[in-house]
Amino acid sequence: MLTAASFDDFVDQLLDIANRAAAALEAAGIPYRMVGGFAVFLHIDAVDPMAARTTPDVDFAVRRSDLNAVRTALESSGFHADDD
């Protein structure tokens, strides 16, 4: 059953993922922007929390030329690549 507490836990988990990934990219000096549904959720939540909806992932835009550095930075922070 979905409850307000379980939704809050879910959002907290996404925030943790976003913060960890952003910190890893910043530490590696890799420019990025958070994009996608979670970025929209954060923006809308600040304006009208009752209208905010989220997705189950966090998306970042990076330069294609930085992909190897991104992978290294994120893996060193505990993330793993899904090479499907």
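1. Let's start with two phenylalanines: Phe 38 is buried, and Phe 41 is buried too. Keep in mind that this is a predicted model. For Phe 41, the relative accessible area comes out at 4%, so with buried meaning under 20%, Phe 41 falls in that class.

2. These two residues also pair up through their rings. Phe 38 and Phe 41 are stacked, with 5.7 Å from centre to centre and 20° between the planes. Both sit in helix H2, three residues apart, which is about one turn of the helix.

3. Phe 41 has another partner, Phe 7. Here the ring centres are 6.5 Å apart and the planes stand at 75°, so this pair counts as edge-to-face. Phe 7 itself is partly exposed, at a relative accessible area of 32%.

4. What does the Phe 7 and Phe 41 pair tie together? Phe 7 belongs to helix H1 (residues 4-27) and Phe 41 to helix H2 (residues 37-47), so the contact joins parts that are 34 residues apart in sequence.

5. If you go looking through the whole structure, you'll find three aromatic pairs.

6. One more ring deserves a look, this time with a charged residue. Arg 20 lies over the face of Phe 79, at 4.3 Å from the ring centre.

Methods. Residues numbered from 1 in each chain as written. Predicted model: local features only at pLDDT ≥ 70, side-chain atom pairs only at ≥ 80, totals over all residues. Heavy atoms only, no water. Phe/Tyr/Trp six-rings, centres within 6.5 Å; stacked < 30°, edge-to-face > 60°. Helix = DSSP H or I, 4+ residues; strand = E, 2+ residues; numbered from the N terminus. Buried < 20%, exposed > 50% of the residue type's maximum accessible area, 1.4 Å probe, protein only. Lys NZ or Arg CZ within 6 Å of the ring centre and 35° of its normal.
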